[in-house]
Amino acid sequence: PPGLVPRGRFSPDALLPLCRELAQLEQSPAPSPLAQYAAFYSLLRQLEQQQQPAAPWQRLAEAVERELTASCPQPISLRQLGESLQYSQDHLIRVFRRRYGVTPHQYLTLLRLGQAKQLMLTTDRPAAQVAADCGFSDYSSFHRAFTKAMGATPQQWRRSRWGETQP
């Protein structure tokens with residue numbers, strides 16, 4: 001329409017595979033909420049990227065987010081991330097918080113907790129094994145983070161959910 005300034009390019013070719021993936025997940029016999037969330041988040045991110053060109057600081061924050069997501073279960077240090085992206089740790093924290101509202105460490109913890117919740121719902125692995133599988137350095141740090149985020153210990157949370165979904 002006249003008067004509107006284009007802020008990016010819309011490409012249905014980039015969105016269709018993401019929409020198909022989301023539809024397939026929804027139609028699967030036992031859809032994984034975590035997989036659905038990830039597919040939906042990818043679709044939203046693609047729409048946002050098409051809406052407007054990202055500023056350099058946003059691209060940097062998104063690069064950090066991609067690195068954190070890709071290395072979620074493995075140990076990763078902000079120092080290593082800063083060196084690989086050629087920015088200081090403080091700068092990475094600042095742009096990441098500006099873009100996502102949390103620090104990279106908080107984001108990584110949330111990713112790991114999401115994976116842990118999924119494993120606790122779908123397997124009967126001990127909570128300590130789930131913590132290790134999701135990249136927590138030890139069980140006590142997992143227990144603290146989980147209890148703070150969920151308002152219940154991992155065992156309490158699992159027992160309260162197993163009535164709804166048995167592994």
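Modeller: Here you go, and keep in mind that the model is predicted. For ring pairs, the rings of Phe, Tyr and Trp (its six-membered ring) count if their centres lie within 6.5 Å.

Biologist: OK, which residues do ring pairs link into a cluster?
Modeller: Phe 136, Tyr 139, Phe 142, Phe 146 and Trp 157 are linked that way.

Biologist: And how many aromatic pairs does the count come to?
Modeller: Seven by this rule. In one of them, the ring centres of Tyr 100 and Tyr 107 are 5.8 Å apart with the planes at 40°, so that pair is tilted. Phe 142 and Phe 146 make a tilted pair as well, at 5.6 Å centre to centre and 55° between the planes.

Biologist: Where do Phe 142 and Phe 146 sit in helix H8?
Modeller: They're four residues apart in H8, which spans residues 139-150, so about one helical turn separates them. In an α-helix there are 3.6 residues a turn, so residues three or four places apart point the same way.

Biologist: Are those two buried or exposed?
Modeller: Phe 142 and Phe 146 are both buried. Tyr 107 is buried too, with a relative accessible area of 13%.

Biologist: Switching to charges: what sits over the ring of Trp 57?
Modeller: The charged end of Arg 98, 3.8 Å from the ring centre. Arg 99 has its charged end over the ring of Tyr 100, 5.4 Å from the centre.

Biologist: Last one: which residues are buried in H3?
Modeller: Among them are Leu 60, Ala 61, Val 64 and Leu 68, and also Glu 62 and Glu 65. H3 covers residues 56-70 and reaches 21 Å from first C-alpha to last, close to the 21 Å expected.

Key. Residues are numbered from 1 along each chain as its sequence is written. This is a predicted model: local features need pLDDT of at least 70, side-chain atom pairs count only at pLDDT 80 or more; totals for chains, interfaces and linings use all residues. Side-chain values use heavy atoms; hydrogens and water are left out. Rings of Phe, Tyr and Trp (its six-membered ring) pair if their centres lie within 6.5 Å; planes under 30 degrees apart count as stacked, over 60 as edge-to-face and the rest as tilted. Buried means under 20% relative accessible area, exposed over 50%, partly exposed in between (1.4 Å probe, protein chains only). Helices (H or I, at least four residues) and strands (E, at least two) are DSSP runs, numbered from the N terminus. A charge sits over a ring if NZ of Lys or CZ of Arg is within 6 Å of the ring centre and within 35 degrees of the ring normal. The expected span of a helix is 1.5 Å times one less than its number of residues.
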